[in-house]
Amino acid sequence: MNMVQQPHSAKIRPQAGIAPFPPAVHRRLMRAPLYAAIDLGTHNCRLLIARAGEHGLRVIDSFSRAVRLGEGLHHSGQLADAAMERTLAALQACVARMGLYDLHGHRAIATEACRRAANGMEFIGRVLRETGLDISVISAREEAELALAACTSLLQGGHAGTSRGLLFDIGGGSTEIAWARIDREAGSHDLSGYVSLPVGIMTLAERHGADIFTDRGYHGVVSEISDVLRGFDDVHCIAREIARQNVMLLGTSGTVTTLASLALGQGRYDRASIDGSALSVPRALSMIDTLRTGGLEGLVRNPIIGAERARYILPGCAIFEAIVTTWPMADVTVADRGLRDGLLLRMIGNRRRQAAPATAPPSFSLYNRLEHQVSP
């Protein structure tokens, strides 16, 4: 395996248990500029429109559609015509929705499918011509940085005795692992190392097909990914830090949030109960065994998973299992946030820093939570 080292009512993406802010602060924040972020992944196209809240993002609108842009990419090396048409339709919907708001700024990014496909950049050019949307194809490193930026408040707020964070993001076409140093006094974190595995839920589903539903196929995938992760561990000595109880494990992806929802016994997914929650690793592995026993039909019937996601959940579970067995910990902090959140927080943080007087830091409390430095 090769590796590279509908409208919603306005709501806050806050830390759990934070008290509402005073009316004067509320009025000031309601005048804060609006930003939009688009994340075009291998499986999903997502839009988030938000402004700064007192303790996070105040979400004004959002949109998500499963476009399956990477469908067939593993076999052909190309983005398929039908997949590009689905994606263009979703991006046009994003642009139309963005046009409803007076935006201070926006950014749109694409990840593994467009990085890998021979016609990826050609498609990006077509998107620009047909929608006016200028999409940046980001590197695996920037993808890891954005995932970390999205989880800054979780890194700073949890596991006070730890100075290291290990974050994983299971995507459609790749899985990003980020190893970070946390400095809670400075309110910052550094990216110490990252690895981008060229396997995601769509990649594995296409490569293994029905075999992923067999014991041999499933455990073969877990073993293959574990081998690569051990190489990353050899470089960064992550297991040693775990033995010292110095590591916080964070997971951000549909796989992890689904497992967390199932662990809570939810009949319908509730983000407020999931983001920032602690998922017991033994409980998660037990649920994976149950999901595997039920087979594809059982996954289709599960109200949290459903027919659209049924063929992709076990590939995600195999990646999850490889991670938590390579780096065994009692629990994983679940983050229902992603690259869009990281993009928005960056844009807001950059504006605050540019507007701040040179002699004093901004009074806006979010500023310190957005400090994000990356080691050279």
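Colleague: Which residues in H11 meet which residues in H14?

Modeller: Happy to take you there, and please keep in mind that this is a predicted model. From helix H11, the residues in the contact are Gly254, Thr255, Val256, Thr258 and Leu259. On the side of H14 they meet Arg309, Ile313, Gly316, Cys317 and Phe320. As for the geometry, H11 spans residues 254-263 and H14 spans residues 306-326, and the two pack at an angle of about 95° with their axes 9 Å apart. Angles of 65 to 115 degrees count as roughly perpendicular, so H11 is roughly perpendicular to H14.

While you have the model open, the strands are worth a visit too. Strand S8 covers residues 175-183, and seven of its nine residues are buried, so S8 is largely enclosed by the rest of the structure. Strand S7 (residues 164-170) runs antiparallel to S8, and seven bridges join them. Within that pairing, Ile170 stands opposite Thr175 of S8, and the hairpin formed by S7 and S8 has four residues between the strands. S8 also pairs with strand S9 (residues 188-197), in the antiparallel sense and over nine bridges. There you will find Ile177 opposite Val195 in S9. S8 and S9 form a hairpin as well, with four residues between them, and Gly187 in the turn has a positive phi of about 65°.

Methods
Residues numbered from 1 in each chain as written. Predicted model: local features only at pLDDT ≥ 70, side-chain atom pairs only at ≥ 80, totals over all residues. Heavy atoms only, no water. Buried < 20%, exposed > 50% of the residue type's maximum accessible area, 1.4 Å probe, protein only. Pairing = 2+ DSSP bridges. Axes fitted to C-alpha atoms, helices over the stretch in contact; angles between N-to-C directions. Parallel < 35°, antiparallel > 145°, perpendicular 65-115°, else oblique. Contact = heavy atoms within 4.5 Å.
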